[in-house]
Amino acid sequence: MGSLGRMTQWKTKASSNNTASQADNISSDPLNPYGFGINADLGLYAYPVLQAADILLYQATHVPVGEDQAQHLELSRLLAKRFNSKFKADLIEIPQTLLTPTKRVMSLKEPTKKMSKSDSNHKSTIFMTDDPDVIKSKISKATTDSIKEIYYDPDSRPGVSNLLEIYSAFDSKSRSPSEIAETVFKGLNNQNLKMATTDLIVSTLGPIKQEFNRIKSDPEYVFKVLEKGEEKAKSVSSTTLNSVKKLLGLYY
């Protein structure tokens with residue numbers, strides 16, 4: 001319970017669902033140490049446990065996550081370690097966290113918050129299936145500033161820095177945002193940055209979208225892949241579950 005109550009996403013979302021006065025009352029209530037508010041539910045609170053079960057059941061060794069999910073994966077690791085220690089058995093694999101250089105992509109319209117597919121403003125998010133014209137429109141309307149030169153400074157220039165980070169994520173030379181600002185965009189302006197970022201995104205996502213559409217047009221192939229994946233998942237999960245039941249003495 002304590003670990004769940006300390007989850008950053010829980011505290012952020014739970015507090016955002018309540019008024020300031022409610023949040024103050026929650027944080028100071030000794031009978032409510034985990035921050036349950038009027039609009040905060042168990043589904044939100046217990047979600048990391050379900051996520052941990054999905055990871056540990058299949059004996060995952062490495063899990064690619066965004067920076068905002070790293071804390072949840074740490075909970076999975078903690079639960080695996082506690083289980084193995086309590087029952088003196090190396091039964092549950094302790095997964096490793098995989099973070100890419102681009103740990104988090106920020107919103108195009110509000111670059112101080114994370115880009116999200118659930119954002120009500122779709123202009124804030126680039127989807128893998130967006131058409132080139134849609135991507136161009138979103139990038140051209142992305143929040144920047146009035147400073148003419150291009151340099152990387154997430155604190156004072158979040159919008160421009162976000163575009164540099166996106167460019168860096170797609171860059172075939174794996175250059176950092178600062179390096180890209182100093183080389184690719186030296187002497188250029190925000191409009192040049194937006195145009196170049198658009199071209200890079202479109203050229204990279206184009207083949208991915210093409211393959212997506214090809215697979216989508218062949219439902220029979222999709223179902224075969226799903227069935228094969230289901231068989232493999234059941235094999236791994238049943239082995240784990242049976243081993244846990246045997247260890248706990250749950251076979252009658």
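Tutor: We go from the whole chain to two of its residues. This is a predicted model, where local features need pLDDT of at least 70, side-chain atom pairs count only at pLDDT 80 or more, and totals for chains, interfaces and linings use all residues. Residues are numbered from 1 along each chain as its sequence is written, and side-chain values use heavy atoms, with hydrogens and water left out.

Student: How many helices and strands does the protein have?

Tutor: Helices (H or I, at least four residues) and strands (E, at least two) are DSSP runs, numbered from the N terminus. Here there are 10 helices and two strands, in the order α-α-α-α-β-α-β-α-α-α-α-α from the N terminus.

Student: What share of the residues is buried?

Tutor: Buried means under 20% relative accessible area, exposed over 50%, and partly exposed in between, with a 1.4 Å probe and protein chains only. Of the 252 residues in the protein, 31% are buried.

Student: Where is glutamine 59 found, and why does it count as partly exposed?

Tutor: Glutamine 59 lies in the loop between α4 (42-56) and β1 (62-64). Glutamine 59 counts as partly exposed because its relative accessibility is 22%.

Student: And where is the place of serine 174?

Tutor: Serine 174 sits in the loop between α7 (158-170) and α8 (177-183). Its relative accessibility is 64%, so serine 174 counts as exposed.
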